[in-house]
Amino acid sequence: MKTELDVLADFFNQYGAALTAGDVPGIAACYAMPGVVVSDNYSFAFNTPVAVALSFLGASPEYQERELVAAHAQIRETQRLTGALTLVAVEWEYLDSQGRAARGERYRYLIRMADRGPLICAVIPG
């Protein structure tokens with residue numbers, strides 16, 4: 001039987017694969033509605049998978065320009081907030097087309113454990 005950490009690791013591996021493949025519908029399927037992305041300079045709220053997809057259209061060319069072919073999420077910390085909500089600290093590791101490690105980012109994801117699996121409710125850098 002899988003632990004919650006196993007389920008989260010599988011989820012973030014699926015999410016990372018969708019990110020690097022430019023699979024915008026796959027990315028959108030990883031989000032709960034409504035959701036929010038919060039950064040130093042802006043906040044973006046979304047209510048539909050289409051809104052999520054539109055927000056990621058600009059990211060795909062960046063991954064292609066950097067020749068990123070794989071993303072691996074290292075889960076650094078989890079904090080159970082309620083029965084369904086978990087705050088997950090993730091550090092992303094990327095591989096480029098030459099097999100070299102590329103600089104990654106750190107994010108905190110507020111995850112809701114839904115019947116169909118984990119869903120991202122909020123994303124915060126750091």
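This note walks through the helix, the strands, the core and the charged pairs of the structure.

1. **Basis.** This is a predicted model, in which local features need pLDDT of at least 70, side-chain atom pairs count only at pLDDT 80 or more, and totals for chains, interfaces and linings use all residues. Residues are numbered from 1 along each chain as its sequence is written, and side-chain values use heavy atoms, with hydrogens and water left out.

2. **Helix α1.** Helices here are DSSP runs of H or I with at least four residues, strands are runs of E with at least two, and both are numbered from the N terminus. Helix α1 covers residues 4–21, which is 18 residues. From first C-alpha to last it reaches 26 Å, close to the 26 Å expected at 1.5 Å a residue. That expected span is 1.5 Å times one less than the number of residues. Gly22 follows α1, and its phi is positive, near 70 degrees.

3. **The buried residues of α1.** Buried means under 20% relative accessible area, exposed means over 50%, and partly exposed lies in between (1.4 Å probe, protein chains only). In α1 the buried residues are Leu8, Phe11, Phe12, Tyr15, Gly16, Ala18, Leu19 and Thr20. An α-helix has 3.6 residues a turn, so residues three or four places apart point the same way.

4. **Strand β1 and its partners.** Two strands pair if DSSP finds at least two bridges between them. β1 (residues 31–38) runs parallel to β7 (residues 117–125), with 3 bridges. Val36 stands opposite Ala122 of β7. β1 also pairs with β2 (residues 43–46), this time antiparallel, through 4 bridges. Val37 has Phe44 of β2 as its bridge partner. A hairpin of 4 residues connects β1 to β2.

5. **Strands β4, β6 and β7.** β4 and β6 run antiparallel and share 7 bridges. Ala89 sits opposite Arg108 of β6. β6 and β7 are antiparallel too, joined by 8 bridges. Ala114 is bridged to Gly117 in β7. The hairpin from β6 to β7 passes through 2 residues.

6. **The largest nonpolar core.** Such a core is a set of buried Ala, Val, Leu, Ile, Met, Phe, Trp, Tyr and Cys residues joined through side-chain atoms within 4.5 Å. The largest one has 26 residues. Phe12, Tyr15, Tyr31, Trp92, Tyr109, Ile111 and Ile120 touch the most other members. At least two residues come from each of α1, α2 (24–28), β1, α3 (49–56), β3 (68–80), β4 (85–96), β6 (106–114) and β7. α1 gives the most, with 6 residues. In soluble globular proteins, nonpolar side chains tend to be buried together.

7. **Ile120.** Contact means heavy atoms within 4.5 Å. Neighbours within four places in sequence aside, Ile120 is in contact with Phe11, Tyr15, Cys30, Tyr31, Ala32, Tyr109, Leu110 and Ile111.

8. **Salt bridges.** The count is 6 salt bridges. Each is a side-chain nitrogen of Lys or Arg within 4 Å of a carboxyl oxygen of Asp or Glu. One of them joins Lys2 and Asp10, at 2.2 Å from N to O. Lys2 is exposed at 54% relative accessibility, and Asp10 is partly exposed at 36%.

9. **A charged network.** Arg76, Glu91 and Arg106 are linked in a network of salt bridges. Glu91 meets Arg76 at 3.0 Å, N to O. Glu91 lies in β4 and Arg76 in β3, so this pair ties together parts 15 residues apart in sequence. Arg76 is exposed, at 53% relative accessible area. Arg106 pairs with Glu91, the closest N and O atoms being 3.2 Å apart. Here the link is between β6, which holds Arg106, and β4, which holds Glu91, again 15 residues apart.

10. **Asp96.** Asp96 is in strand β4. It counts as buried because its relative accessibility is 10%. A polar atom of its side chain lies 2.9 Å from the backbone nitrogen of Gln98. Not counting residues up to four places away in sequence, Asp96 touches Arg66, Glu67, Leu68 and Val69.

11. **Glu105.** Glu105 lies in the loop between β5 (101–102) and β6. Its side chain makes a polar contact with the side chain of Tyr94, at 2.8 Å. A polar contact is a pair of N or O atoms within 3.5 Å; within protein, one must be able to donate a hydrogen and the other to accept it, and residues adjacent in sequence count only if both atoms are side-chain atoms. Leaving aside neighbours within four places in sequence, Glu105 is in contact with Arg66, Val90, Glu91, Trp92 and Tyr94.
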